[in-house]
Amino acid sequence: MRRIVDLDVRDMLRAKQEPFERIMETVSCLEPEDVFQLHATFRPDPLIRVLGRQGYRSTVVQEGEEHFIVQFYREETERPFFRLDNRGLEPPEPMMRTLNFLEQHPECQAGELGLEIWNERVPAFLLPELEERGYRYDIEQEESGTVRVKIYRAQ
């Protein structure tokens, strides 16, 4: 089953510690379909290049002045997609979380970044909301029971 493996190194960076070894240990434990999600105080371009040479693509969103979230993944896509794992959440939280992300990230609205959500079922109430806001979507149901919805705007 797909996972988002989360690692927050902001406290290490603020304490002037070097998180590279811990990051690479985490990366070494990833399964092929996993997404590695790193929280940092800055955009870690050198790490993006290092992992890029290892076959990882990346997506970066800035959540605050010193809060960058970088997702690393191996899937080839035309545009970058940020992933949200909505499995295990009670309605309407998956829908609200998805719409909030789209509203808070202008790069989604501009068509530069897509959003992929992982749900336990097809989000029937979300789909008309997406259409009304000008988003397109593709739905894929996996054997594991996860429903992947890729949400994007035409560029």
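In this predicted model, F82 has L115 as its bridge partner in strand 6. Strand 5 and strand 6 run parallel and are joined by five bridges. On its other pairing, strand 6 runs antiparallel to strand 8, again over five bridges. Within that pairing, I117 stands opposite V149 of strand 8. Strand 8 (residues 147-152) is also joined to strand 7 by six bridges, and these two strands run antiparallel. Here D138 faces K150 of strand 8 as its opposite residue.

Together these strands form an open sheet of four, in the order 5-6-8-7, with mixed pairing. Strand 5 and strand 7 (136-141) are the edge strands, each pairing on one side only. From one strand to the next, the twist averages 20°. In general, strands of a sheet pair through backbone hydrogen bonds, in either a parallel or an antiparallel sense.

Strand 6 (residues 114-119) is mostly covered, with six of its six residues buried. In a regular strand, side chains alternate between the two faces of the sheet. Both faces of strand 6 are covered. G114, E116 and W118 are buried on one side, and L115, I117 and N119 are buried on the other.

A further pairing involves strand 3 (residues 57-64) and strand 4 (residues 67-73). These strands are antiparallel and share seven bridges. A hairpin of two residues links strand 3 to strand 4. S58 stands opposite F72 of strand 4.

H67 also takes part in a side-chain polar contact with H39, at 2.8 Å. H39 belongs to strand 2 (residues 35-40). The relative accessibility of H39 is 10%, so this residue counts as buried, the cut-off being under 20%.

Two backbone features fall in loops. P91 and P92 are joined by a cis peptide bond, with omega of about 5°. P92 lies in the loop between strand 5 and helix 4. K16 has a positive phi of about 65°, although K16 is not a glycine. This residue sits in the loop between helix 1 (10-14) and helix 2 (20-28). K16 has 74% relative accessibility and therefore counts as exposed, the cut-off being over 50%.

Open space was examined next. Rolling a probe the size of a water molecule over the atoms shows where empty space is left. The largest pocket holds about 290 Å³ of space. It is lined by 14 residues, and P91, P94, N119, R121 and P123 are the closest to its centre. By class, the lining of the largest pocket comprises ten nonpolar, two polar and two charged residues.

The second largest pocket has a volume of about 210 Å³. Its lining is made of 13 residues, of which I69, F82, L84, R97 and F101 are the closest to the centre. Strand 5 (81-85) and helix 4 (93-104) each supply at least two residues of this lining. F82 is among the residues closest to the centre of this pocket and is also the bridge partner of L115. The lining of the second largest pocket divides into five nonpolar, four polar and four charged residues.

How values were computed
Residues are numbered from 1 along each chain as its sequence is written. This is a predicted model: local features need pLDDT of at least 70, side-chain atom pairs count only at pLDDT 80 or more; totals for chains, interfaces and linings use all residues. Side-chain values use heavy atoms; hydrogens and water are left out. On a 1 Å grid over the protein atoms alone, a cavity is a set of points where a 1.4 Å probe fits but cannot get out, and a pocket is an open set with protein on both sides within 12 Å along at least five of seven lines; lining residues have an atom within 4 Å of a point. Grid points are joined across faces, edges and corners, and a volume is the space filled by probe spheres set on the points. Ala, Val, Leu, Ile, Met, Phe, Trp, Tyr, Cys and Pro count as nonpolar, Asp, Glu, Lys and Arg as charged, and the others, Gly among them, as polar. Two strands pair if DSSP finds at least two bridges between them. Axes are lines fitted to C-alpha atoms, for helices over the stretch in contact, and angles run from 0 to 180 degrees between N-to-C directions. Buried means under 20% relative accessible area, exposed over 50%, partly exposed in between (1.4 Å probe, protein chains only). A polar contact is a pair of N or O atoms within 3.5 Å; within protein, one must be able to donate a hydrogen and the other to accept it, and residues adjacent in sequence count only if both atoms are side-chain atoms.
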